[in-house]
Amino acid sequence: MPLDVWSLYGLMLRSRLFEEAIAQLWHAGLISGEMHLGTGEEATIAGVVAHLREGDAMALDHRGSAAMLMRGIDPVLILRELLGDAGGLCAGMGGHMHLFAKEYLAASSGIVGAEGPMAAGFALSAQYVRPGSVAVAFFGDGAMNQGMLMESMNLASVWKLPVLFVCKDDGWAITTQSDQVTAGDLNKRAQGLGIPAVEVDGRDVCAVWEAAGKAMESARSGYGPTFLHARCVHFEGHFLGFQLIKVVRAPLREMPRIAGPLTQSFLQPGGASLQERLAGLKAISAALLSTVRDPRRDPANDPLTRARLLLQAEPLHLQELEEQIEKEITSILAAAMVGLHS
Ligand SMILES: Cc1ncc(C[n+]2csc(CCOP(=O)(O)OP(=O)(O)O)c2C)c(N)n1
Ligand SMILES: [Mg+2]
């Protein structure tokens with residue numbers, strides 16, 4: 001299958017606009033509970049999902065809506081599910097973290113790491129009843145420290161199960177920085193289990209597509225699993241309304257609130273020496289500055305912008321595609337809201 005950047009961009013843009021519509025509904029109070037989006041992961045998801053065929057399976061994490069949409073599952077059903085409507089994909093009982101589409105062999109779970117056993121199970125059944133099919137597991141870097149994921153990687157390796165383990169590494173698990181809690185190197189961890197590891201820039205849809213294609217071909221041919229380590233970003237932080245991101249987005253407004261109490265305590269008599277206080281202030285201002293320069297805010301980190309740049313040689317075609325997808329998402333939104341809760 002030749003690389004088609006236009007269709008990959010189409011998948012990514014559809015997903016971005018769909019998730020922006022979800023965010024609007026969430027901010028309007030129409031979706032209850034937390035909302036984890038895959039915004040920033042589009043290139044990784046599109047580059048992998050574009051290779052899936054009938055009979056292939058997907059095991060997804062708490063950010064499953066984007067992959068479900070890209071796989072071709074009815075977006076109106078997904079939206080209604082998120083809205084808790086009885087006409088949703090899972091009768092409104094699952095919500096965004098527990099999406100399930102039997103005919104696409106696609107399931108998501110809010111249990112971090114559960115994608116491993118799910119994908120291994122899908123792949124084991126494929127070995128018996130659908131030879132040549134593969135299962136993909138999408139999970140985060142935090143999930144890599146869950147025992148069940150490691151156990152399923154181990155079994156997938158010894159049983160040569162046709163699985164693509166895709167680690168979408170944003171460097172964070174909620175407010176925990178992964179490098180503070182993760183021993184060693186993730187690629188070497190996979191290699192230690194006998195699984196080939198491929199490192200890829202998860203914001204580069206072409207790179208992901210190439211790497212995922214090779215890995216899936218190898219799995220389909222009976223050579224077993226591959227570990228794809230894809231770096232990505234989450235512009236919204238862990239979930240919508242994430243407090244830390246609010247601080248990053250409004251650094252100047254937040255500065256007096258943060259700096260006020262610090263300055264007051266700095267001027268208190270007694271305690272630390274002047275030298276220690278100065279060193280402390282320097283460390284704090286460096287931390288503030290690095291927060292203000294959060295790489296998540298850098299437009300060069302946006303997978304959508306990066307794919308769009310590739311296509312700008314044909315601006316008219318690009319505009320046409322974008323307008324068409326925008327219209328499509330607006331009509332999906334309208335269709336999902338019709339007769340809601342009636
Ligand atoms: C087994 C389990 N432990 C803890 C949680 C709470 N939890 C939800 S998301 C999350 C962080 C996951 O981080 P990562 O796997 O890197 O995914 P990311 O949110 O960064 O995409 C945690 C700890 C959970 N849902 N399931
Ligand atoms: Mg993470």
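Tyr223 lies in the loop that joins helix 9 (205-220) to strand 9 (226-231); helices (H or I, at least four residues) and strands (E, at least two) are DSSP runs numbered from the N terminus. This is a predicted model, in which local features need pLDDT of at least 70 and side-chain atom pairs count only at pLDDT 80 or more, while totals for chains, interfaces and linings use all residues. Residues are numbered from 1 along each chain as its sequence is written, chains are lettered from A and ligands numbered from 1 in the order in which they are written, and side-chain values use heavy atoms, with hydrogens and water left out.

Tyr223 has a relative accessibility of 60% and counts as exposed. The classes used here are buried for under 20% relative accessible area, exposed for over 50%, and partly exposed in between, with a 1.4 Å probe and protein chains only. Apart from neighbours within four places in sequence, Tyr223 is in contact with Lys160 and Ser218, where contact means heavy atoms within 4.5 Å. Phe165 is 58 residues from Tyr223 along the chain, and their C-alpha atoms are 14 Å apart.

**Positive phi**

Lys160, one of the contacts of Tyr223, sits in the loop between helix 6 and strand 5 (163-169). Its phi is positive, about 50 degrees, although Lys160 is not a glycine. Lys160 is partly exposed at 44% relative accessibility. Ala91 also is not a glycine and has a positive phi, near 60 degrees. Ala91 is placed in the loop between helix 4 (75-82) and strand 2 (100-101), and at 39% relative accessibility it counts as partly exposed.

**Helix 5 and helix 6**

Two packed helices are described by the angle between their axes and the distance between the axes. For helix 5 (residues 115-129) and helix 6 (residues 147-158), the axes come within 7 Å and cross at roughly 25 degrees. Axes are lines fitted to C-alpha atoms, for helices over the stretch in contact, and angles run from 0 to 180 degrees between N-to-C directions. Helix 5 is therefore roughly parallel to helix 6; angles under 35 degrees count as roughly parallel, over 145 as roughly antiparallel, 65 to 115 as roughly perpendicular and the rest as oblique. Helix 5 contributes Gly116, Pro117 and Ala120 to the contact, and helix 6 contributes Met148, Leu149 and Ser152. By class, this contact has four nonpolar, two polar and no charged residues. Ala, Val, Leu, Ile, Met, Phe, Trp, Tyr, Cys and Pro count as nonpolar, Asp, Glu, Lys and Arg as charged, and the others, Gly among them, as polar.

Asp170 is buried, with a relative accessible area of 19%, whereas Trp172 is partly exposed at 26%.

**Loop and helix residues**

Asn145 is in the loop between strand 4 (135-140) and helix 6. Its relative accessible area is 33%, partly exposed. Beyond its neighbours within four places in sequence, Asn145 is in contact with Val181, Thr182 and Arg189. Gly202 occupies the loop between strand 8 (197-201) and helix 9 and is buried, with a relative accessible area of 0%. Not counting residues up to four places away in sequence, Gly202 touches Ala43, Thr44, Val208, Ala230 and Arg231. Leu25, in helix 1 (residues 5-27), is buried at 8%. Leaving aside neighbours within four places in sequence, the contacts of Leu25 are Leu30, Ile31, Leu79, Leu83, Leu333 and Met337.

| Pair | Sequence separation | C-alpha distance |
|---|---|---|
| Leu25 and Leu82 | 57 residues | 9.5 Å |
| Asn145 and Ala215 | 70 residues | 23 Å |
| Gly202 and Thr44 | 158 residues | 5.0 Å |

**Cysteines**

A disulfide is a covalent bond between the sulfur atoms of two cysteines. With the cut-off for a pair of cysteine sulfur atoms set at within 2.5 Å, the count is zero disulfides. The closest cysteine sulfur to that of Cys206 is in Cys232, 17 Å away and therefore too far for a bond. For Cys232, the closest cysteine sulfur is in Cys167, at 8.4 Å, also too far for a bond. Cys206 is buried at 16% relative accessibility, and Cys232 is buried with a relative accessible area of 7%.
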